[in-house]
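Please look through the structure below and follow the paragraphs with it in view.

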Amino acid sequence: MLLRTENLTRTLETEAMPVTLVKQASVEIKEGEYVAIKGPSGSGKSSLLYLLGLLDRPTAGKIFYRDQDISNFSNNKLAKLRLEEMGFVFQFHFLLPEFTSLENVMIPMRKLARLSDKEIKAVATERLVELGLEDHINKLPSQLSGGQRQRVAIARALANNPKLILADEPTGNLDTQSSENVQEILQNLVKTHGCSVVVVTHDPEFAKRCDRTITIVDGAIIKE
Amino acid sequence: MPLLFFIALKHLLARKRQSIVSLMGIILGVAFFLAISSIMQGSEADFIKRLVDNSPHITVSDEYRSPRVQPAEKLFEEGAIDIASVKPLTETRGIRGYQKILSYLGNQDDLVASPVLTGSAIISFAGEEEGVTLNGMIPEEIHTVSTIQDYMKEGSVDRLMSNPDGVLMGQSLARRLSVSLNDTISVAAQGGRVRTFKIVGIYQTGRGGYDRRQIFVTLKRAQSLLGRTNRINAILVKMTDPNTALTRSKEIEQIIKYKSESWQEQSEDLMNTLAIRNMIMYSVVSAVLLVAAFGIYNVISTVVMEKHRDIAILKSMGFPSGDIRSIFLTQGVLLGIAGNIIGIPMGCAFILGLQQIKFRPPGSSEPISMPVSWDWEQFAIAIAFAMFASILASFLPARKASHVQPVDILRGGL
């Protein structure tokens with residue numbers, strides 16, 4: 001088992017009253033699995049994804065990564081785990097605007113520093129070529145189309161060969177053609193890179209491409 | 001290039017105009033700091049140099065700082081003794097056993113000493129009379145304890161060696177008496193003794209009182225004129241390092257018992273004034289850099305606010321909070337370094353410019369240059385202060401950046 005949660009709850013303290021974003025969610029993600037999280041707007045899909053991606057801490061419940069309880073890991077240890085094992089793709093591409101496509105992909109690799117600078121450049125270029133961006137390697141995000149930016153974001157998520165890719169509505173801001181293209185790329189990742197992919201989506205067609213769908217309503221998983 | 005440095009540099013370069021404005025603050029701050037500090041330090045050094053060079057570093061006089069210990073007090077050290085109506089012996093004033101003291105001082109490596117006998121005298125010339133202070137010195141040693149030879153306008157100190165009846169006087173006094181080089185004057189001392197002296201040198205130190213009142217003759221002639229054969233009433237000491245005068249004067253006084261006053265002690269009020277002036281100067285120039293620091297704070301705060309989304313992305317990638325803090329601190333350090341790299345040469349240019357200014361103060365016969373200092377300490381202070389201000393200014397925004405919660409930003413979809 002790659003990732004497992006037990007009764008994960010996330011409550012947000014607001015001035016008026018506490019709001020529960022995720023209620024007692026128990027999820028299992030196996031290696032090489034393609035999982036969709038779907039549900040209506042505001043149902044807690046993204047909140048659950050952030051908890052799975054260790055970007056947020058649960059109010060209650062436990063998270064296990066490769067059967068190790070990581071609920072009480074320090075922020076630095078969680079950051080290291082994200083760097084080594086996870087990749088993120090967001091609805092808005094979220095590329096760093098001052099850096100070229102290549103530099104955006106190289107940043108997490110340089111942070112991990114497993115490879116030499118020369119090797120990092122070669123691997124990053126390979127990732128971009130793989131996603132059909134060979135002509136856009138040295139372009140800034142502002143010089144790319146929405147679909148191209150999202151592909152650069154996917155290349156960046158793949159930079160350190162993660163075991164788990166978490167995508168938060170990656171096609172939510174794209175036209176039909178680009179959306180189709182991104183869906184296909186994500187589906188292929190499972191096959192080509194052997195990683196698990198968890199994707200949050202509104203789109204039932206997108207969800208159908210996945211091995212499994214988790215449906216969430218009002219923060220609670222109602223169907224798996 | 002290290003990754004965090006690379007990211008910091010990109011952030012700064014992406015906002016060229018804002019970065020240049022804040023950089024200009026640091027550059028001008030450093031340059032003005034240097035220029036003002038240089039002129040203040042320069043004038044202080046010039047003032048102290050004049051003070052130190054033109055007067056002995058330590059003056060041993062024929063006085064005691066505290067009254068002599070009475071024999072009864074020596075005998076009953078622990079006793080409660082009250083000795084009333086103590087009247088000192090009437091004796092010829094002067095330093096007793098001065099040869100022994102001179103021999104002791106002569107064995108010290110860090111100083112040179114020379115005996116002096118001073119006393120009041122009256123100069124008569126062509127019906128004019130002028131009260132003066134007569135300084136009897138050993139001509140061969142004058143240059144070791146005094147700078148009078150540097151101020152000679154006519155004649156020389158050396159002529160005192162070849163002419164024991166020679167006298168050196170200030171230009172103001174010479175003008176007042178309408179005398180010139182090689183003229184002969186009569187000098188009378190208390191007790192009615194009168195001697196004639198030939199003017200062998202005329203000096204001008206620029207200090208009116210000194211030039212009008214002080215005359216120099218050989219020690220032997222002074223002793224004979226003042227009727228104090230084989231006596232001196234002061235020993236002038238010059239130190240290798242004038243700054244040690246304060247401690248060394250205390251040590252010397254403890255050994256020879258006569259009052260030994262350092263130049264610092266003699267000019268205590270002036271030194272206090274200089275210290276206050278320095279405090280004011282550093283407060284003013286520090287304020288310039290403080291304003292520049294606000295510029296940096298402003299720029300980096302803006303960058304942090306604009307970069308909330310990027311910070312969230314970096315954190316989601318696996319950059320820990322410490323890295324985020326380092327990125328923004330590096331920006332402050334970079335601005336500080338760049339500010340110093342450009343500000344220091346600009347400051348040097350300002351100092352060079354100030355050095356070129358020549359002016360003639362009221363009463364001065366020759367134009368003087370602005371006294372400036374090139375001491376490394378002020379450069380070190382400017383660099384350190386600019387770096388400190390830059391780091392401090394970037395610390396708060398950097399800390400704020402490190403506390404950004406990625407989820408808050410990602411959830412907002414900024």
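In this predicted model, B:Leu314 touches residues of both chains: from chain A it meets A:Leu96 and A:Ile107, and from chain B it meets B:Ile7, B:Phe319, B:Ile324 and B:Ile327, leaving aside residues up to four places away in sequence. B:Leu314 belongs to the largest nonpolar core, which has 86 residues. Along with A:Ile37, A:Val198 and B:Phe328, B:Leu314 is among the residues with the most contacts inside that core. Which helix gives the most to this core? It is α12 of chain B, residues 268-306, with ten residues. Another core lies apart from this one and has 44 residues, including B:Leu117, B:Leu134, B:Ile202 and B:Ile256.

Next comes a helix of chain B. Helix α15(B) runs over residues 376-402, 27 residues in total. From its first C-alpha to its last it reaches 37 Å, close to the 39 Å expected at 1.5 Å a residue. Where does α15(B) have a kink? The kink, of about 30 degrees, is at B:Phe395, shortly before the proline B:Pro397.

Empty space can be traced as well as atoms. Rolling a probe the size of a water molecule over the atoms shows where such space is left. The largest pocket holds about 1,500 Å³ of space. Its lining is made of 42 residues, and those nearest the centre are B:Asn54, B:Tyr151, B:Thr205, B:Gly206 and B:Arg207. Several elements of chain B supply at least two lining residues each, among them the helices α2 (16-54), α7 (171-177) and α8 (208-213) and the strands β2 (111-125) and β3 (128-137). The largest share comes from α2(B), with six residues.

Two single residues remain. Is B:Ser262 buried or exposed? B:Ser262 is found in strand β10 of chain B, residues 260-262. Its relative accessible area is 0%, so B:Ser262 counts as buried, the limit for that word being under 20%. Around B:Ser262, and not counting residues up to four places away in sequence, the contacts are B:His57, B:Ile58, B:Ala245, B:Leu246 and B:Ser249.

A:Lys191 lies in helix α6 of chain A, which covers residues 176-193. Because its relative accessible area is 65%, A:Lys191 counts as exposed, a word used for values over 50%. A:Lys191 and A:Glu126 are 65 residues apart along the chain, and their C-alpha atoms are separated by 17 Å.

Note on methods: Residues numbered from 1 in each chain as written. Chains lettered and ligands numbered in written order. Predicted model: local features only at pLDDT ≥ 70, side-chain atom pairs only at ≥ 80, totals over all residues. Heavy atoms only, no water. Core = buried A, V, L, I, M, F, W, Y, C linked by side-chain atoms within 4.5 Å. Buried < 20%, exposed > 50% of the residue type's maximum accessible area, 1.4 Å probe, protein only. Helix = DSSP H or I, 4+ residues; strand = E, 2+ residues; numbered from the N terminus. Contact = heavy atoms within 4.5 Å. Expected span 1.5 Å × (residues − 1). Bend = angle between axes of the 7 residues up to and from the residue. 1 Å grid on protein atoms, 1.4 Å probe; cavity = no way out; pocket = protein on both sides within 12 Å on 5 of 7 lines; lining within 4 Å. Points joined across faces, edges and corners; volume = space filled by probe spheres on them.
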